[in-house]
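I opened the notebook for a structure I had not looked at before.

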There are 2 protein chains.
Amino acid sequence: MKYVIVGGIAGGPSFATRLRRLDETAEIIILERHSAISVASCALPYYLSGVIPDREALIERTPEILKEKNNIDVRLFSNVTNIEPAKQQLTVHDTLNNETYTETYDELLLATGASPTLPPIKNLDQADNAFVLRTIDNADAMKEFIDINHPKRVAILGGGAIGIELAESFNTLGLDVTIIERSSTIASPYDQEIAEVVAKELRKHDIKILTGHSVASLDNDKHELQLDDGTTLTADMIFIGTGVHPNTQLAANAKIALTDTGHIVVNSRFQTNQPHIYAIGDAIETINYITGLPTPSVLSSPANRQGHLLADIMVGAPFEYQGIVGAGVSKFFNLTVSYTGYTEVMLQANGITDYKKIFITPYDHAYFYPGATRVNFKLIFDTQGKILGAQAVGKTGVDKRISQISAAIRGHLNVYDLPDIEVPYSPPYSSTRDIINIAGYVAINQLTRQVATIKAADIAADILTSAYFLDIREPGRPESGSIKATANIPLSQLRDRITEIPKDKPVYITYRAGIGPYNASTILKGQGYDVTLIEE
Amino acid sequence: MKYVIVGGIAGGPSFATRLRRLDETAEIIILERHSAISVASCALPYYLSGVIPDREALIERTPEILKEKNNIDVRLFSNVTNIEPAKQQLTVHDTLNNETYTETYDELLLATGASPTLPPIKNLDQADNAFVLRTIDNADAMKEFIDINHPKRVAILGGGAIGIELAESFNTLGLDVTIIERSSTIASPYDQEIAEVVAKELRKHDIKILTGHSVASLDNDKHELQLDDGTTLTADMIFIGTGVHPNTQLAANAKIALTDTGHIVVNSRFQTNQPHIYAIGDAIETINYITGLPTPSVLSSPANRQGHLLADIMVGAPFEYQGIVGAGVSKFFNLTVSYTGYTEVMLQANGITDYKKIFITPYDHAYFYPGATRVNFKLIFDTQGKILGAQAVGKTGVDKRISQISAAIRGHLNVYDLPDIEVPYSPPYSSTRDIINIAGYVAINQLTRQVATIKAADIAADILTSAYFLDIREPGRPESGSIKATANIPLSQLRDRITEIPKDKPVYITYRAGIGPYNASTILKGQGYDVTLIEE
């Protein structure tokens with residue numbers, strides 16, 4: 001049996017090596033249009049900054065190794081220009097020797113990935129100082145430009161993970177960095193509470209952030225960027241990190257069905273609509289494991305998993321892909337930021353609005369052991385308690401808790417299960433009641449509590465002038481909430497001073513941080529008060 | 001309703017504070033015989049060493065705070081000496097004022113915990129330099145002894161977690177430390193592969209380890225310990241960490257049913273056999289969540305969880321405790337060692353022998369990003385793939401992966417699910433195919449592979465002299481396995497040199513590390529060889 005794989009970065013080699021383990025006699029060919037396979041794309045920002053000095057280290061497997069260890073025929077600089085499904089053959093352009101030939105296949109795998117999308121900026125096509133970062137060749141080009149031209153100011157278009165990682169890389173190299181982000185917050189897909197912490201960290205390292213702006217045109221002679229509001233910005237280097245699109249023109253030409261977003265349509269066994277043609281990785285649309293909704297496959301870990309699984313499927317295993325949870329982590333200077341499943345941003349993009357959320361800021365390990373820092377942790381769940389996603393930011397212990405939630409999601413656990421998940425405890429690592437346990441308790445309280453809640457904006461004008469607004473924060477704690485309180489009675493004094501609160505008025509608790517407001521409502525309800533918590 | 005709680009360290013305060021949130025009008029009394037409640041017992045080794053300098057920091061909640069914030073009546077130095085279930089009352093000895101009084105209850109909770117067990121060592125009862133560590137008073141006594149007597153050599157009896165943590169504490173204080181452990185390995189309940197790594201780390205820090213020995217008697221004048229083999233050891237301070245027993249004499253006297261091991265028998269709602277009497281924490285026997293087998297409840301996290309859950313149950317929630325997974329983590333110098341679920345040691349103690357295991361040593365994060373170190377990771381599962389436990393040791397990322405497995409166990413996931421658990425990937429944190437994914441793949445291979453395996457000890461004598469024993473390790477790699485190979489053909493050369501191997505003899509692969517032997521067997525079987533892998 002002859003297997004041909006188009007694309008050798010992540011899913012392709014994973015498929016090929018697994019297949020070899022399962023079938024010693026298969027003929028396996030990988031066709032890769034670039035100069036290397038098995039590139040650690042996520043490491044490119046660290047290669048650029050010099051944190052990873054060794055270029056060879058970025059290439060996890062060379063064609064020689066795959067030949068020797070796995071008997072796989074890897075062909076670099078091999079651009080597939082056409083597929084003829086009916087004939088089970090393809091046209092390959094060997095760009096190194098500028099030769100074109102035909103290759104046949106019994107089974108074909110498209111692992112063609114995605115490429116950076118260039119935004120519609122006037123004169124961008126003539127800029128010689130604008131870069132993207134997807135391949136090791138891109139990284140080499142950027143390094144060379146910096147070595148020769150010694151740029152001082154760099155503009156980063158797009159404030160997502162890659163933009164922020166590059167901001168750090170350029171900052172490490174001593175450049176002055178400005179991030180220009182079209183939307184109102186950076187660090188997509190994180191929600192605002194998390195993104196704000198990231199933005200603060202970046203500003204602390206002198207990185208400038210311009211949100212709500214995009215670039216309209218370039219003046220390449222003056223090294224100027226004209227923004228959408230007419231202002232200009234000088235930058236002698238430009239990095240574009242505004243998104244990617246799937247590499248599926250080849251598939252489209254072969255009449256392989258695509259979605260509206262240009263992703264290849266596959267079933268749960270990675271079959272396209274064309275016989276003997278499969279697809280995996282960033283080029284496909286799959287389903288979300290949590291909701292079953294269609295979602296593009298992104299990132300290298302799922303691609304790697306899909307490649308391995310497809311090899312099993314192809315040799316006859318009765319497996320089906322169950323979909324992607326979606327999980328990410330980034331190191332932004334001294335912060336770790338991580339998510340699994342859905343953020344609010346993602347839910348809203350999918351039209352899902354019927355969800356609950358909690359936000360807590362416990363310590364990463366026992367507060368009495370040296371070095372404890374707070375983790376900003378957000379959990380999102382549906383009205384039945386099903387976990388939809390989690391995200392966190394902090395200095396340590398962040399990826400650990402998000403990884404745990406990722407496992408919990410895979411096990412279909414819900415918030416009622418979180419208090420029962422055992423986090424190994426010792427003061428340097430965790431707390432007896434650890435972050436995910438607390439998240440569970442707070443989420444359960446929110447789902448089961450009898451106390452009413454209202455959003456500040458929804459409070460009627462007559463209530464605003466007649467009700468009793470109680471601020472229960474302790475002395476010295478910062479204010480929270482937008483509504484001015486009638487009185488401040490710290491929670492610790494509430495039982496003793498409860499008679500100060502009139503019983504004939506509805507009581508609204510203005511302070512919003514932590515579990516305190518729930519405890520206050522319990523105390524007040526226990527004494528017959530009509531209590532409502534104000535939510536943002 | 002009047003609730004009385006005996007014991008105020010972990011589960012007791014957790015129960016009391018949760019109950020207060022649920023019932024503003026309840027009368028809640030905690031009776032604690034020692035000088036403090038809510039003590040962070042696990043932090044005591046760090047208090048001793050000075051890593052945590054502040055004694056107050058160890059007490060998470062004072063009686064004053066519980067009174068003010070939660071309206072709970074906490075009575076220290078209050079030793080309950082008798083329970084009369086029929087009258088719903090108890091006798092309390094106020095040891096501070098030497099007064100005795102009777103207290104009534106509507107519902108009684110026993111959270112009496114466990115205490116160190118003293119081994120039967122002659123003259124131990126007369127030693128003034130022997131200590132245990134369970135309470136803050138114990139820690140104070142040890143600190144005082146060190147300050148006054150300046151001991152130089154300390155003997156630690158018992159090489160479990162507490163013994164090793166204390167070894168580090170004493171080492172930090174400049175003492176010469178010897179650990180004496182009765183069994184053949186330290187670091188119980190970890191298995192040998194993990195324990196060996198720990199022992200090596202301890203020896204690197206000049207801690208002496210005597211395994212397979214116990215102390216028979218003391219010569220307190222000479223500061224000598226006589227071991228079971230007649231040899232002696234000089235030590236001017238002794239720490240005893242040889243185990244604990246549940247504090248259940250009070251329960252026994254009240255005709256509360258106990259197990260053979262002296263633990264209180266409770267149902268899934270923490271009810272004892274006596275009406276209106278409940279028990280939680282280290283004093284009880286519960287069930288193991290994975291196997292359903294009876295198991296003592298240990299450690300503070302489960303106690304904390306049980307207290308919270310019982311409060312919900314007592315006010316009418318339809319909850320039941322589903323049992324304990326069991327999870328631990330320790331910092332031993334520069335190592336983190338952690339487990340969840342069963343180790344082999346535990347399984348064998350429970351008479352379970354029908355299990356599988358894999359042992360892998362991947363990097364904690366992408367090998368090409370600075371600072372990558374290897375994690376020794378062991379996964380144990382049953383013949384259907386159900387996860388029974390995991391344990392790991394390494395410098396970083398250990399607790400993260402064990403926490404993930406802990407969540408996976410809670411979700412009843414098995415090894416077939418592990419490749420699908422998404423570990424957020426970025427080079428500083430993980431690998432595209434992360435540790436738990438690899439563990440899943442290797443475990444699945446073991447469950448599904450067709451290749452035969454045999455233990456070295458089970459190979460018949462005539463096979464040893466007639467078969468072909470193939471060592472497939474690459475040049476420069478250390479040898480593994482106890483059987484001398486007929487030839488060394490590195491895996492990378494196996495396809496090219498396969499004709500060197502005679503087809504008329506059975507082939508046994510001697511090298512045991514990693515996935516290589518499985519790959520070699522695939523290659524050989526593909527060419528018609530009769531292949532068997534040798535397992536340890």
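**Where the chains meet**

I started with the area: chain B and chain A bury about 6900 Å² between them, 53% of it on carbon and sulfur atoms. Buried area here is the accessible area (1.4 Å probe) that two parts lose on being put together, summed over both.

Before going on, I noted that this is a predicted model, where local features need pLDDT of at least 70, side-chain atom pairs count only at pLDDT 80 or more, and totals for chains, interfaces and linings use all residues. Residues are numbered from 1 along each chain as its sequence is written, chains are lettered from A and ligands numbered from 1 in the order in which they are written, and side-chain values use heavy atoms, with hydrogens and water left out.

Next I looked up who takes part: 77 residues from chain B and 77 residues from chain A are in contact (heavy atoms within 4.5 Å).

How many salt bridges cross the interface of chain B and chain A? The rule finds eight, a salt bridge being a side-chain nitrogen of Lys or Arg within 4 Å of a carboxyl oxygen of Asp or Glu. I picked out R495(A) with E24(B), whose closest N and O atoms are 2.8 Å apart.

**Aromatic pairs**

Searching the whole structure, I got 14 aromatic pairs over all chains. Rings of Phe, Tyr and Trp (its six-membered ring) pair if their centres lie within 6.5 Å; planes under 30 degrees apart count as stacked, over 60 as edge-to-face and the rest as tilted.

Y3(A) and F15(A) have ring centres 6.3 Å apart and planes at 65°, so I logged the pair as edge-to-face. Y3(A) sits in strand β1 (residues 2-6) of chain A and F15(A) in helix α1 (residues 11-22) of chain A; helices (H or I, at least four residues) and strands (E, at least two) are DSSP runs, numbered from the N terminus.

Are these two buried or exposed? Y3(A) is buried at 5% relative accessible area, and F15(A) is buried at 1% (buried means under 20%, exposed over 50%, partly exposed in between; 1.4 Å probe, protein chains only).

Then I checked F270(A) and Y321(A): their centres are 5.2 Å apart and their planes at 40°, so the pair is tilted. F270(A) is buried at 1%, and Y321(A) counts as buried at 7%.
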